[in-house]
Amino acid sequence: MELQTIQNRIYEVRGQKVLLDFDLAAMYGTETKRLKEAVRRNMERFPSDFMFELTNEEYKSLRTQIASLEKDGRGKFSKYNPFAFTEQGIAMLASVLRSPKAIEVNIQIVRAFVFLRRYALSHTELTQKLQELETNYNKQFKDVFEAINFLLQKSKVQSEQLNRKRIGYKREDMD
């Protein structure tokens with residue numbers, strides 16, 4: 001399974017990056033119903049920071065983001081809201097689903113989460129460095145900015161004076 005395919009199925013819910021049960025079931029090559037059964041038989045392994053069930057509102061919101069889901073059709077959707085698995089929950093799934101395919105897919109999923117975390121950290125560090133540079137730049141060139149603003153204001157006033165309507169007599173008319 002490609003890293004990009006996994007990354008496209010990672011959503012942010014409640015401020016956490018998660019994979020949904022039906023996406024995981026598809027990756028593992030099993031039915032969503034079977035995956036949920038395995039999880040329910042081992043609920044003690046899945047505390048709320050590993051896995052949680054989406055609320056109706058969260059699921060409706062996600063369904064608008066997931067273009068592959070069809071809106072109508074009997075039996076196309078589970079009557080239960082999906083489970084959302086965090087990175088730790090997916091690692092725990094490896095102990096519940098013991099097939100070679102599940103293990104292989106879990107390794108790829110964990111790699112995808114690690115890649116996203118590294119990307120997010122590098123992005124955060126870059127943003128912080130740019131803010132530091134901007135702060136230093138603003139301090140060093142405050143006088144230059146003020147001088148430029150003064151000149152801009154001065155030229156604006158001068159152009160307004162040149163463009164104003166003249167009153168009185170023109171010199172040519174006085175001859």
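How do helix 2 and helix 3 lie to each other, roughly parallel or roughly perpendicular? I began my notes with that one.

**Ground rules.** I am working from a predicted model, where local features need pLDDT of at least 70, side-chain atom pairs count only at pLDDT 80 or more, and totals for chains, interfaces and linings use all residues. Residues are numbered from 1 along each chain as its sequence is written, and side-chain values use heavy atoms, with hydrogens and water left out.

**Helix pair.** I looked up helix 2 (residues 21–28) and helix 3 (residues 32–41), which pack at about 105° with axes 8 Å apart. Helices here are DSSP runs of H or I with at least four residues, strands are E runs of at least two, and both are numbered from the N terminus. Axes are lines fitted to C-alpha atoms, for helices over the stretch in contact, and angles run from 0 to 180 degrees between N-to-C directions. Angles of 65 to 115 degrees count as roughly perpendicular, under 35 as roughly parallel, so helix 2 and helix 3 are roughly perpendicular to each other.

**Strands.** Next I traced strand 2 (residues 16–20), which runs antiparallel to strand 1 (residues 11–13) with three bridges; pairing takes at least two DSSP bridges. Tyr 11 has Val 18 as its bridge partner. Two residues separate these strands in a hairpin, and Arg 14 in the turn has a positive phi of about 55°. On strand 4, I found Phe 85 as the bridge partner of Leu 19.

**Glu 87.** I then checked Glu 87 in helix 5 (residues 87–96). Glu 87 is buried at 18% relative accessible area (buried is under 20%, with a 1.4 Å probe and protein chains only).

Notes: Buried < 20%, exposed > 50% of the residue type's maximum accessible area, 1.4 Å probe, protein only. Parallel < 35°, antiparallel > 145°, perpendicular 65-115°, else oblique.
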